[in-house]
Amino acid sequence: KMRGGTVDRSIRRAKIFALTKGFRGRPKNCYSLAIRAAHKALQHAYRGRKLKKRDMRSLWITRISNAAQEQNLPYSKFVHNMARLEIQLNRKILSELAIYEPRSFQALADLARKRQKDGLLSAL
């Protein structure tokens, strides 16, 4: 019984070299270096997918904060009062409202401001 023939080996190498295509220097040609480079690249890609989520949330918060400041309302008060009013819009949607629907965002900010001043009954 024959194991690990040349076909398997060439396919395995081809997969690694496909991952390292476009790399600079020996890691794109030399198999032993290509394995390490591909492994490290996949680690960076994994970490990058996590960082992307963090960065996007940070961007949304910055946008909401700026839009809330235009309405003379701090971000923390705005988000807190939105939660107390049980308006369940996430930060992504709030940031898009702030950019593309400023009047809708202004209405939400007015609701939050009323909630901050008077309480729940006057906001409704």
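## Lys 117 and helix H5

Lys 117 is exposed, with a relative accessible area of 65%; residues count as exposed over 50%, as buried under 20% and as partly exposed in between, using a 1.4 Å probe and protein chains only. Lys 117 belongs to helix H5, which covers residues 102-117. Helices are DSSP runs of H or I with at least four residues, strands are runs of E with at least two, and both are numbered from the N terminus.

The structure is a predicted model, in which local features need pLDDT of at least 70 and side-chain atom pairs count only at pLDDT 80 or more, while totals for chains, interfaces and linings use all residues. Residues are numbered from 1 along each chain as its sequence is written, and side-chain values use heavy atoms, with hydrogens and water left out.

The structure holds one salt bridge, a term for a side-chain nitrogen of Lys or Arg within 4 Å of a carboxyl oxygen of Asp or Glu. Its partners are Arg 113 and Asp 110, whose closest N and O atoms are 2.8 Å apart. Both residues lie in helix H5, three residues apart, about one turn of the helix. Asp 110 has a relative accessible area of 30% and is therefore partly exposed.

## Overall form of the chain

The chain contains six helices and zero strands. Read from the N terminus, its elements follow the order α-α-α-α-α-α. The radius of gyration is 26 Å, well over the 14 Å that the globule rule gives for 124 residues, so the chain is more spread out than a compact globule. This radius is taken over C-alpha atoms, and the globule rule is 2.2 Å times the number of residues to the power 0.38.

Along the principal axes, the C-alpha atoms fill a box of roughly 80 × 35 × 20 Å. Of the 124 residues in the chain, 22% are buried.

Arg 49, Lys 50, Lys 52 and Lys 53 form a positive surface patch. Such patches consist of residues with over 30% relative accessible area and no salt bridge; like charges are joined within 9 Å, and nonpolar side chains (Val, Leu, Ile, Met, Phe, Trp, Tyr) within 5 Å. Lys and Arg count as positive and Asp and Glu as negative, whereas His and the chain ends are not counted. The place of a charge is NZ of Lys, CZ of Arg, CG of Asp or CD of Glu. Accessible areas come from the Shrake-Rupley method with a 1.4 Å probe, and for residues only the protein chains shown count as cover.

The C-alpha atom of Lys 50 is separated by 39 Å from that of Lys 117, 67 residues away along the chain.

## Loops around helix H3

Asn 72 sits in the loop between H2 and helix H3 (75-84). Although Asn 72 is not a glycine, its phi is positive, at about 55°. With 68% relative accessibility, Asn 72 counts as exposed.

Glu 86 occupies the loop between H3 and helix H4 (91-100). Its phi is near 60°, a positive value in a residue other than glycine. Glu 86 counts as exposed, at 66% relative accessibility.

Leu 97 is part of helix H4 and counts as buried because its relative accessibility is 18%. The C-alpha atoms of Leu 97 and Ala 67 are 9.6 Å apart in space, and the two residues are 30 residues apart in sequence.
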